[in-house]
Amino acid sequence: MKRQFSDPQLNFLVGINVLILLAATVLSHGDFLDVYNFQSMASQLPELALLAIGVSLAMIAGNGGIDLSVLGMANLAGVVAATVVPLLVDADATPWGYTGMFIVVALATGLLGGLLNGWLIAGVGLTPILCTLGTQLIFTGAAVVLSKGSSVRLASAEPMSMIGNENLFGVPIPFLIFMVVLLAIGWLLRYSPFGIRLFLLGTNAKAARYAGIPGTRMLIITYALSGVLAGLAGVIIAARTASVKADYGSSYLLIAILVAVMAGVRPQGGYGRMVCLFFSATALQLLSSTFNLLDISNFFRDCAWGLLLLCFLASARINFSDYRLFTPRKG
């Protein structure tokens with residue numbers, strides 16, 4: 001029992017969720033607890049949280065790693081799939097075929113983008129933050145060219161609409177997809193040889209190299225996985241909105257980074273827990289819904305996200321034990 005409450009980051013995030021939920025409930029006079037409100041939040045959460053998982057994996061890998069291209073990759077994956085798939089499959093004739101092909105093309109696009117990032121970082125030796133900033137611009141530019149700067153409507157296919165908007169046993173399907181991915185990544189990091197090597201690589205790259213861990217291959221796989229997650233986010237965005245565009249979710253990248261940092265993922269690498277990322281994402285979703293409830297402008301929200309990110313980055317650098325007024329004497 002004691003071990004369950006030994007992670008202060010997890011305890012903090014659970015407490016933040018409870019406080020936000022209580023505040024929103026009081027401000028809304030109980031309306032916030034409506035089932036439809038929770039279903040709405042659960043359907044909006046996955047696209048952001050999937051991007052945050054990709055950002056977290058790159059941060060865990062260390063070497064100053066952070067994937068700034070996830071949002072551009074997600075939008076490009078959706079645009080490519082929405083543009084190419086209608087040329088291959090008729091949605092009216094085979095809606096399931098259209099949906100399956102859309103998913104395959106979007107995930108393949110994300111995979112190729114992730115492999116490009118991994119090769120440039122691990123193979124060529126580019127700095128991760130600058131490399132992914134460059135590829136973010138490339139992906140966004142390519143999406144603008146393909147879409148001609150406007151939104152692209154998806155063909156009418158019921159299975160595609162179900163993925164983005166329907167519930168299964170009262171739970172939104174996008175949220176169920178996110179939970180499956182979260183559990184799979186959590187298992188991969190905690191129990192698989194890949195996860196053990198990734199944490200060691202992020203903690204001490206030199207020691208990992210002496211231990212025989214193939215750093216180049218690990219980084220390529222990590223960024224490729226981040227790309228696939230971005231492609232999956234692109235599928236959910238497309239299915240939920242029935243359209244795709246190159247500049248969708250302009251603040252999503254900032255929020256995805258904030259989710260990862262709030263979850264305790266260390267920017268210097270070597271640590272990250274998916275259970276913390278889950279509660280970090282839900283806390284920000286609850287806070288965003290509270291802002292909607294209070295009719296707070298989007299400009300203030302972006303300022304709030306940026307301020308929160310700076311605060312959490314700063315707190316990660318502070319050792320609060322150095323500021324204790326009273327310290328127990330030894331002996």
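**A surface patch and aromatic pairs**

Leu88 lies in helix H3. The structure is a predicted model. Leu88 has a relative accessibility of 56%, so this residue counts as exposed; the cut-off for exposed is over 50%.

Leu88 belongs to a nonpolar patch on the surface. Two elements each give two or more residues to the patch: helix H3 (70-88) and helix H4 (95-124). H3 provides the largest share, with 3 residues.

Aromatic contacts were examined next. Across the whole structure, the search finds 6 aromatic pairs. In one of them, the ring centres of Phe178 and Phe278 are 6.4 Å apart. Their planes meet at 15°, so the pair is stacked; planes under 30 degrees apart count as such. This pair links distant parts of the chain. Phe178 sits in helix H7 (residues 173-191), whereas Phe278 sits in helix H12 (residues 274-293). The two residues are 100 residues apart. Both Phe178 and Phe278 are buried.

An edge-to-face aromatic pair is formed by Tyr248 and Tyr252. The centre-to-centre distance is 5.6 Å, with 85° between the planes. Tyr248 is buried, as is Tyr252.

Ring pairs also build a cluster. Phe178 and Phe278 are linked in this cluster with Phe175 and Phe279.

Technical notes:
Residues are numbered from 1 along each chain as its sequence is written. This is a predicted model: local features need pLDDT of at least 70, side-chain atom pairs count only at pLDDT 80 or more; totals for chains, interfaces and linings use all residues. Side-chain values use heavy atoms; hydrogens and water are left out. Rings of Phe, Tyr and Trp (its six-membered ring) pair if their centres lie within 6.5 Å; planes under 30 degrees apart count as stacked, over 60 as edge-to-face and the rest as tilted. Helices (H or I, at least four residues) and strands (E, at least two) are DSSP runs, numbered from the N terminus. Buried means under 20% relative accessible area, exposed over 50%, partly exposed in between (1.4 Å probe, protein chains only). Patches are made of residues with over 30% relative accessible area and no salt bridge: like charges are joined within 9 Å, nonpolar side chains (Val, Leu, Ile, Met, Phe, Trp, Tyr) within 5 Å. Accessible areas come from the Shrake-Rupley method with a 1.4 Å probe; for residues, only the protein chains shown count as cover. A salt bridge is a side-chain nitrogen of Lys or Arg within 4 Å of a carboxyl oxygen of Asp or Glu.
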